[in-house]
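Reader: Could you take me on a close look at one residue in this model, and then at the charged pairs elsewhere in the chain? I would enjoy a connected account.

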Amino acid sequence: MSEQKTLVRYEARAGVVTLTLDSPHNRNALSSRLVGQLHAGLREAAADPGVRVVVLGHTGNTFCAGADLSEATEEPVDPEGPVAGRARALAGLLRTLVELPKPVVAAVDGHVRAGGMGLVAACDLAVAGPAATFALTEARLGVAPSIISLTVLPRLSSRAAARYFLTGEKFDAAQAEAIGLITSAAPDVRAAVGELVAALRLGSPQGLAESKKLVTAPVLAAFDARADELATASARLFASEEAREGMTAFLQKRPPSWAE
């Protein structure tokens, strides 16, 4: 995956590719490099006929912290500049997860925030352990879960979506299962993922790919209809003064001006 530091580890074994988010310095945040490497890993797995299943995991106590706020605050205040490219890159990554012709299983035993929720929701199956917590924190930072709404909203009931999109409250794996964000909450994530992988291996490559198309068709239609619009909206929000105050306050560990 190039000579730059590896932030996403790729391991193939017995027809299963494990992609491990390994960027501890920023809690596996969606930096441009991590997004690019994860995208490359997914393309590699898709192109390998020997790969039957992809597992998306993580190191450390955080699955994914969402956008890399330090990277975002360093960018010029320009909705048509680098921030727009980052928004479109995230949309492309989520779409790749959804349309990958092989099932993708998220293995989560850590914190999931903001954009990380989009990754979990884009996976076909997701298992979360006792250390997992979830939150859509965007509104507290002055932005909105624009792009990730394409994968998150189809998973949730309308009441659950309204509550967690608006309040930014944290919830655990049991609640994530109850509202449909994940497939199951499990005391042993590795064992539970292993059971799902074994079940998936019983399906033929063609059968799995075509069955997945049936499930994901409405999500991909939403990408076709709204991805560009939502990427533009996300870029506009991230470039706003209100968002810069929210992100700066978060990095400085202080309340933003509207919460004081």
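Author: A residue is called buried when its relative accessible area is under 20%, exposed when over 50%, and partly exposed in between. Please keep in mind that this is a predicted model. With that cut-off, asparagine 26 counts as buried because its relative accessibility is 13%. Where does asparagine 26 sit? Its place is the loop that runs between strand 2 (16-21) and helix 1 (32-47). Leaving aside residues up to four places away in sequence, asparagine 26 touches Ser31, Ala65 and Asp68. With aspartate 68 there is also a polar contact, made side chain to side chain at 3.2 Å.

Now to the charged pairs. Side chains of opposite charge can pair when their charged atoms come close. Searching the whole structure gives 9 salt bridges. One of them joins the side chains of arginine 13 and glutamate 11, at 2.8 Å from N to O. Arginine 13 counts as exposed because its relative accessible area is 59%, while glutamate 11, at 38%, is partly exposed.

Another salt bridge brings together the side chains of arginine 163 and glutamate 169, at 2.7 Å from N to O. Here arginine 163 is partly exposed at 44% relative accessibility, and glutamate 169 is partly exposed at 26%.

Arginine 254 pairs with glutamate 245 in a salt bridge whose closest N and O atoms are 3.0 Å apart; arginine 254 is partly exposed, at 30% relative accessibility. Finally, have a look at Arg95, Glu99 and Asp224, which salt bridges link into a network.

Conventions. Residues numbered from 1 in each chain as written. Predicted model: local features only at pLDDT ≥ 70, side-chain atom pairs only at ≥ 80, totals over all residues. Heavy atoms only, no water. Helix = DSSP H or I, 4+ residues; strand = E, 2+ residues; numbered from the N terminus. Buried < 20%, exposed > 50% of the residue type's maximum accessible area, 1.4 Å probe, protein only. Polar contact = N/O pair within 3.5 Å; in protein donor to acceptor, adjacent residues only side chain to side chain. Contact = heavy atoms within 4.5 Å. Salt bridge = Lys/Arg side-chain N within 4 Å of Asp/Glu carboxyl O.
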